[in-house]
Amino acid sequence: MLKVQAVRIALALASLGALWAAAGAPWKCT
Amino acid sequence: MLFVVLALAAGVGLGYAQRGRLRSFASLPLSLFLVLWLAFALQLVLVYAPVGARFALVLGSYLLAGAWLWWSASRLREALLGISLMAFGWFLNLLVISANGGMPVSRAAVIRAGLPWTDVREGSLFKHVAAGPDTPLRFLCDVIAVPPVHRVVSLGDIVLLLGIVLFVSQVMRSDATRLPMQAAASQR
């Protein structure tokens with residue numbers, strides 16, 4: 001149960017990373 | 001990803017400082033976030049897309065992110081302030097990108113950030129263009145240099161990151177018993 005909860009938390013937080021990738025536009029050298 | 005990791009960490013720290021709990025995130029339906037992954041996938045497709053289709057894909061990705069913000073604003077009332085701030089940052093970036101066919105990058109800011117000036121159209125997920133003297137909405141472009149981490153950001157980026165910090169702390173503080181999964185667990 002704890003493991004499932006940890007995965008759900010990680011996925012929710014990672015989704016905010018996806019939002020940043022989609023809506024943010026910082027410039028860095030790639 | 002550096003900035004968003006810092007924003008997430010700051011949000012979690014703020015949430016704990018306000019007696020919030022990270023487990024509130026486990027109560028959010030994962031389907032809520034699906035559209036964000038779709039928006040992210042569109043950005044990845046940019047790498048393989050023909051040059052002419054890139055701008056449409058960038059706009060599509062922004063619209064999907066906007067749809068998520070609008071949808072989550074109606075579902076997560078406890079985090080409305082954070083969502084509003086994220087939406088404002090999203091809007092500022094969308095505005096300047098729409099006006100310029102991409103996010104304009106200031107050459108002076110790139111130099112200040114300690115980066116070499118290259119063809120910005122060919123880097124960082126292909127959503128940038130070079131800023132010129134006649135670039136509209138110049139103050140919303142990538143003009144803010146962050147030399148310690150060699151990045152150049154826009155005002156919209158900063159507002160979006162602050163929104164993420166606030167959103168995380170607000171969800172952590174939200175009443176978990178009112179969120180769908182916790183409610184179902186407590187009824188068992």
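I am working with a predicted model, in which local features need pLDDT of at least 70 and side-chain atom pairs count only at pLDDT 80 or more, while totals for chains, interfaces and linings use all residues. Residues are numbered from 1 along each chain as its sequence is written, chains are lettered from A in the order in which they are written, and side-chain values use heavy atoms, with hydrogens and water left out.

Entry on the interface. I looked up the contact (heavy atoms within 4.5 Å) and found that 50 residues of chain B and 23 residues of chain A take part. Together the two chains bury about 3,200 Å², 74% of it on carbon and sulfur atoms; buried area is the accessible area (1.4 Å probe) that two parts lose on being put together, summed over both.

Entry on a helix pair. For helices (DSSP runs of H or I, at least four residues, numbered from the N terminus), I noted that helix 2 and helix 3 of chain B pack at an angle of about 170°, with their axes 8 Å apart; axes are lines fitted to C-alpha atoms over the stretch in contact, and angles run from 0 to 180 degrees between N-to-C directions. That makes helix 2 of chain B roughly antiparallel (over 145 degrees) to helix 3 of chain B. Among the residues that meet there are Leu42(B) in helix 2 and Trp68(B) in helix 3 of chain B.

Conventions
Helix = DSSP H or I, 4+ residues; strand = E, 2+ residues; numbered from the N terminus. Parallel < 35°, antiparallel > 145°, perpendicular 65-115°, else oblique.
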